[in-house]
Amino acid sequence: MDESPLPLRRVLLAHLVTGCFLLPDWMRAALAAPPTAVPVLGTPAPASSRPAALPLVMLDPGHGGKDPGAIGVSGTHEKKIVLSAALELRRQLLASGRYRVEMTRSRDVFVRLEERVARAQSRRAALFVSIHADAVPDRFVRGASVYTLANTASDAQTAALARRENSADRFGTPTFRDVPPNVGRILASLVRQETRLGSARIAQALVRDLDRDVKLLTNPSRHASFMVLKSADIPSVLVEMGFMSNPDDEAALRRLEHRTRVAAAIKRSVDGYFAAANYMARMAG
Ligand SMILES: [Zn+2]
């Protein structure tokens, strides 16, 4: 796989064409603003003083409402476990003062998969993290795992991204709209490629950070054609915190202390992801 740093490639691409239309808002702000002191953990800045361009992390607790998700061996619903974990992760991310955080659902409601992706795109999320804890027939299978989109599922999205160039989309700037269709297709393909690299980077960080505190599945870095990972332009990852079908995993996931530990591991990965992105953006700028 091409290991070129995603943000650097994106910055160079933006410079090569015209302006910074490919840069996400948060990265543009990072390039424009002088370096700021890292906020002290646990002391979030007042909402009024937070820069508007902090990167937006979209958290996606799976299932909800009429869809309970996996049912654990003792009857626990996945939808409750993943919502609780996502709320804890939101708390930790907001406490750092480095991010804006939104959720595809923050209560027990059913949200269609397409809506989850559409919400992330309409809100211009910089990162999409879906959280699950599913089940398999074999009750001995246990451990956390991390999924990115399978390569074979990306072509349709690339085509869709190219088609969107004439609509009010997330790249709704004259520069992108005015390029010839063939150039638009090439740009869309490049964005798709960079999104895939970004997804791979956050997935790699998650496997490393989860491994410190959480039991992992064998070969924990996996690929699948999950609908919620199909954003063409938002690095996306799906974390399976464990298996509700395994008694040990289910018991652990029922404990707040364990969910807090999983959330802390995910937060470390998010921190590392954006720290590297900011560094590369500054190097390229
Ligand atoms: Zn699930």
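These legends go with several close-up views of the predicted model.

Local features are described where pLDDT is at least 70 and side-chain atom pairs where pLDDT is 80 or more, while totals for chains, interfaces and linings use all residues. Residue numbers start from 1 along each chain, as its sequence is written.

View 1. Helices (H or I, at least four residues) and strands (E, at least two) are DSSP runs, numbered from the N terminus. Of the 285 residues, 41% are buried, that is, 20 or more other C-beta atoms, placed from the backbone, lie within 10 Å of the residue's own.

**View 2. Helices α7 (residues 181–213) and α9 (residues 256–284) cross at roughly 140°, with axes that come within 8 Å.** That angle makes α7 oblique to α9. Here the axes are lines fitted to C-alpha atoms over the stretch in contact, and angles run from 0 to 180 degrees between N-to-C directions; oblique covers what is left after under 35 (roughly parallel), over 145 (roughly antiparallel) and 65 to 115 degrees (roughly perpendicular).

**View 3. Residues of α7 meet residues of α9.** Among them are R201, I202, A205 and L206 in α7, and R261, A265, I266 and R268 in α9. Contact is counted when C-beta atoms, placed from the backbone, lie within 7 Å.

**View 4. Take a look along α9, a helix of 29 residues.** From first C-alpha to last, α9 reaches 42 Å, close to the 42 Å expected at 1.5 Å a residue, the expected span being 1.5 Å times one less than the number of residues. Its buried residues include V262, A265, I266, Y273 and F274.

How values were computed
Contact = placed C-beta atoms within 7 Å. Buried ≥ 20, exposed ≤ 12 C-beta atoms within 10 Å, placed from the backbone.
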